[in-house]
Amino acid sequence: MAEPRRADPRTAPPRATAASASAACVVGGAVAVTVAVVAGPGPGLTGYVSEAGVTDSAYASAYRIGVFALALGVLLLAAALPPVLRAAAGLLAAGSVFALVSGAVTCSAGCPLPPFERATTADLVHGAASILAVAAVVLAMLAVTLTRAAPPALRRLAALALTAALPLAGATAVALVLVGRGGLIAVLERLLLLVAVVWGASTATAVALRRR
C-alpha cells in the first residue's frame, strides 16, 4: 500500500506564513475601516461605507489604510490557498486589485451612484471597483465550494459563507437599482462586507493551521 503523501516541508511554511499574514491584514483592515465609519462624520446607517473615505473626512486616511490592508489580505489569501484552488485564487487576486483601486480612487461627498444621483468619473470608478472587489470574493467562495478536491474544511467554510453572501449580494444589487442610497442598502452593504471579512479571516486561519 502506498504511503500517504505528505506536505512538502519546503512549501508548507511559506503558505502558512502567507495565510497568517492574510488573516492579520483582513482583521486589521476591517477594524480600521470600521473605526473610520463609526467615528467619522458620515451619515451612519443611511450612507455607504465608502463615505468614510471622502477627502474632507478626518478619518479618510484610516479608511484608505484599512482598504489597502484588506486588499493585501485578499492577495495573501490567494497565494496561501492550496494549488487545487487555482480558480478561487485567481478570483481573489483580481478582487485584491479592484480593492486597491477602490481605496486609491476617492469618491465625492455622498459617493453618488446612478441611476438616482449624478456621479462623477471618480464616483463611477470607485463604485465599480468596490462592487467588483466584493463580487470577486463571493465568486471565490463559490469556486471553493464547487471544487471537490479542495480540503473539506475550506469547502464547508465557503459553503456557509456563500449561503449568507448570495442573498445579500442579490438584495444589494436590487436595492442599488430600484431604491438607491438609504438605510436599506447601507445595512445590506455592511452585512455583505461582514460576511466577506469573516470568511476571509476564517479561511486564512484554517489554511495556516492546516499547513502547520
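**Figure 1. Ala93 in helix α3 of the predicted model.** Ala93 is found in helix α3 of what is a predicted model. When residues up to four places away in sequence are not counted, Ala93 touches Leu75 and Ala78. Ser130, which is 37 residues from Ala93 in sequence, is 14 Å from Ala93 in space, taken from C-alpha to C-alpha.

**Figure 2. The packing of helix α2 against helix α3.** Helix α2, residues 60–80, and helix α3, residues 86–104, pack with their axes 8 Å apart and at an angle of about 165 degrees. This angle makes α2 roughly antiparallel to α3, because angles over 145 degrees are counted in that class. The crossing of α2 and α3 is left-handed. On the α2 side, the contact is made by Arg64, Val67, Phe68, Ala71, Val74, Leu75, Leu77 and Ala78, and on the α3 side by Ala89, Leu92, Ala93, Ser96, Ala99, Leu100, Gly103 and Ala104. Sorted by class, the residues of this contact between α2 and α3 are 13 nonpolar, 2 polar and 1 charged.

**Figure 3. The packing of helix α3 against helix α4.** The axes of α3 and α4 cross at roughly 160 degrees and come within 8 Å, which makes α3 roughly antiparallel to α4. In this pair, α3 passes α4 in a left-handed crossing. The residues of α3 that take part are Ala87, Ala88, Leu91, Leu92, Gly95, Phe98, Ala99, Val101 and Ser102, and they meet Val125, His126, Ala129, Ser130, Leu132, Ala133, Ala136, Val137, Leu139, Ala140, Ala143 and Val144 in α4. The contact of α3 with α4 divides into 17 nonpolar residues, 4 polar residues and no charged residues. Leu92 and Ala99 of α3 are listed both in this contact and in the contact with α2.

**Figure 4. The nonpolar cores.** The largest nonpolar core has 42 residues, and those with the most contacts inside it are Leu81, Leu85, Ala88, Leu92, Met141, Val144 and Trp199. At least two residues of this core are supplied by each of α1 (12–39), α2, α3, α4 (121–146), α5 (152–178) and α6 (183–211). The largest share, 9 residues, comes from α6. Met141, one of the residues with the most contacts inside the core, touches Ala158, Ala161, Leu162, Ala165, Val195, Ala196 and Trp199, when residues up to four places away in sequence are not counted. A second, separate core has 6 residues, among them Val33, Ala36, Val49 and Tyr63.

**Figure 5. Thr106 and Cys107 in the loop between α3 and α4.** Thr106 has its place in the loop between α3 and α4, and Cys107 is placed in the loop between these helices as well. Thr106 counts as partly exposed at 24% relative accessibility, whereas Cys107 is buried, with a relative accessible area of 5%. Not counting residues up to four places away in sequence, Thr106 touches Gly53, Val54, Thr55, Arg64 and Ala122. Cys107, with its neighbours within four places in sequence left aside, is in contact with Ser50, Val54, Asp123 and His126, so that Val54 is listed for both Thr106 and Cys107, contact being taken as heavy atoms within 4.5 Å. From C-alpha to C-alpha, Thr106 and Ser50 are 8.3 Å apart in space and 56 residues apart in sequence. Cys107 and Arg148, which are 41 residues apart in sequence, are 41 Å apart in space, again from C-alpha to C-alpha.

Figure 6. Most residues other than glycine have a negative phi, and most peptide bonds are trans. Cys111, found in the loop between α3 and α4, has a positive phi of about 45 degrees although it is not a glycine. At 4% relative accessibility, Cys111 counts as buried, because the limit for this class is under 20%. Pro115 also lies in the loop between α3 and α4, and the peptide bond from Pro114 to Pro115 is cis, with omega near 10 degrees.

Conventions:
Residues are numbered from 1 along each chain as its sequence is written. This is a predicted model: local features need pLDDT of at least 70, side-chain atom pairs count only at pLDDT 80 or more; totals for chains, interfaces and linings use all residues. Side-chain values use heavy atoms; hydrogens and water are left out. Axes are lines fitted to C-alpha atoms, for helices over the stretch in contact, and angles run from 0 to 180 degrees between N-to-C directions. Helices (H or I, at least four residues) and strands (E, at least two) are DSSP runs, numbered from the N terminus. Angles under 35 degrees count as roughly parallel, over 145 as roughly antiparallel, 65 to 115 as roughly perpendicular and the rest as oblique. A crossing is left-handed if the near helix is turned anticlockwise from the far one by less than a right angle, and right-handed if clockwise. Ala, Val, Leu, Ile, Met, Phe, Trp, Tyr, Cys and Pro count as nonpolar, Asp, Glu, Lys and Arg as charged, and the others, Gly among them, as polar. A nonpolar core is a set of buried Ala, Val, Leu, Ile, Met, Phe, Trp, Tyr and Cys residues joined through side-chain atoms within 4.5 Å. Buried means under 20% relative accessible area, exposed over 50%, partly exposed in between (1.4 Å probe, protein chains only).
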